[in-house]
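Biologist: I would like to learn how to read a structure like this one, feature by feature. Could you take me through it?

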Amino acid sequence: MWYPHTVTVAAASEPLTTAEARTQTRWDTSANDAALDIYIASARAHVEAYCGTPLVSRTVTVKCDGFDDFAAFPVVPLQSVSSVSYVDAAGATQTLSTDVYEVRSDGLTASLVLKYGQSWPSIRDGSRITVTAVVGYSAVPDDIKHALLLLVAQGDMERETEQRGAHALLSNHRVGVI
């Protein structure tokens with residue numbers, strides 16, 4: 001079983017530039033760029049929660065109970081794996097050699113598989129395996145960028161009159177119904 005991932009190195013940029021958002025909203029000056037930056041960040045957060053994928057590259061750590069969990073990596077798109085660490089049967093923390101496994105990443109599916117002739121090491125009962133990886137798109141697909149631009153424009157057009165947009169953004173953070 002995989003556990004929720006932790007972002008260890010945040011995304012260095014947003015999937016849209018302020019200039020792209022300014023063009024979409026037809027603002028001619030930079031006077032409202034701070035508001036546009038908020039629209040961009042909230043649109044990205046909404047799309048990431050809706051799609052269940054990070055849009056821009058970031059480094060994450062994610063833990064699982066066993067090597068059989070590697071058949072389906074939980075955070076995609078997966079760009080690369082930096083390290084795989086585990087606690088061996090004797091209780092010592094080990095880093096798994098890249099000679100043992102390979103990363104297979106095909107868009108929104110990814111796995112770590114054994115290389116030919118290799119086997120997974122034994123791990124201590126009750127311990128977890130930790131994978132550090134770079135996830136997110138190296139280039140955000142055009143249709144996702146278009147959706148982001150639509151959300152930014154909607155946020156601008158309805159910024160003072162519309163509650164549905166706010167409710168849609170807040171739905172990413174709901175735990176239960178009141």
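Biologist: Let me start with one residue. Where is aspartate 69 found?

Modeller: Aspartate 69 sits in the loop between strand 2 and strand 3. Keep in mind as we go that this is a predicted model.

Biologist: How far from aspartate 69 is the nearest side chain of opposite charge, and which residue is it?

Modeller: That side chain belongs to arginine 128, and it is 8.9 Å away. A salt bridge needs the charged atoms within 4 Å. Aspartate 69 is buried and has no salt bridge.

Biologist: Then which backbone atom lies 2.7 Å from a polar atom of the aspartate 69 side chain?

Modeller: The backbone nitrogen of methionine 1 does. Setting aside neighbours within four places in sequence, aspartate 69 is in contact with Met1, Trp2 and Cys64.

Biologist: Let me step back to the whole fold. How many helices and strands are there in the protein chain?

Modeller: The protein chain has 4 helices and 7 strands. Along the sequence they follow the pattern β-α-α-β-β-β-β-β-β-α-α. For contacts between residues at least 6 apart in sequence, 73% join residues at least 24 apart. Of the 178 residues, 35% count as buried.

Biologist: How should I read the nonpolar cores, and how many residues does the largest one have?

Modeller: The general idea is that in soluble globular proteins, nonpolar side chains tend to be buried together. Here the largest nonpolar core has 22 residues, and those with the most contacts inside it are Phe70, Phe73, Leu78, Val81, Val84, Leu112 and Val131. Two or more residues of this core come from each of strand 2 (58-64), strand 3 (78-87), strand 6 (109-114) and strand 7 (129-135). Another core lies apart from it, with 16 residues, among them Ala21, Ile144, Leu148 and Leu149.

Biologist: Which residues does valine 84 touch, not counting those up to four places away in sequence?

Modeller: Its partners include Phe67, Phe70, Tyr101, Leu112, Ile129 and Val131. Gln94, Thr95 and Thr130 are also among the residues that valine 84 touches.

Biologist: Now the rings. How many aromatic pairs does the count come to?

Modeller: It comes to 6 aromatic pairs. Phenylalanine 67 is in the loop between strand 2 and strand 3 while tyrosine 86 is in strand 3, so the pair ties together parts 19 residues apart in sequence. Phenylalanine 67 is buried at 8% relative accessible area, and tyrosine 86 is buried at 10%.

Biologist: Why is the pair of phenylalanine 70 and tryptophan 120 edge-to-face?

Modeller: The planes of those two rings are at 85°, with the centres 5.3 Å apart, so phenylalanine 70 and tryptophan 120 form an edge-to-face pair. Phenylalanine 70 lies in the loop between strand 2 and strand 3, and tryptophan 120 in the loop between strand 6 and strand 7, so this pair ties together parts that are 50 residues apart in sequence. Phenylalanine 70 counts as buried at 1% relative accessibility, whereas tryptophan 120 is partly exposed at 24%.

Biologist: Which residues do ring pairs link into a cluster?

Modeller: The cluster consists of Trp2, Phe67, Phe70, Phe73, Tyr86 and Trp120.

Notes:
Residues are numbered from 1 along each chain as its sequence is written. This is a predicted model: local features need pLDDT of at least 70, side-chain atom pairs count only at pLDDT 80 or more; totals for chains, interfaces and linings use all residues. Side-chain values use heavy atoms; hydrogens and water are left out. A nonpolar core is a set of buried Ala, Val, Leu, Ile, Met, Phe, Trp, Tyr and Cys residues joined through side-chain atoms within 4.5 Å. Buried means under 20% relative accessible area, exposed over 50%, partly exposed in between (1.4 Å probe, protein chains only). Contact means heavy atoms within 4.5 Å. Lys and Arg count as positive and Asp and Glu as negative; His and the chain ends are not counted. A polar contact is a pair of N or O atoms within 3.5 Å; within protein, one must be able to donate a hydrogen and the other to accept it, and residues adjacent in sequence count only if both atoms are side-chain atoms. Rings of Phe, Tyr and Trp (its six-membered ring) pair if their centres lie within 6.5 Å; planes under 30 degrees apart count as stacked, over 60 as edge-to-face and the rest as tilted.
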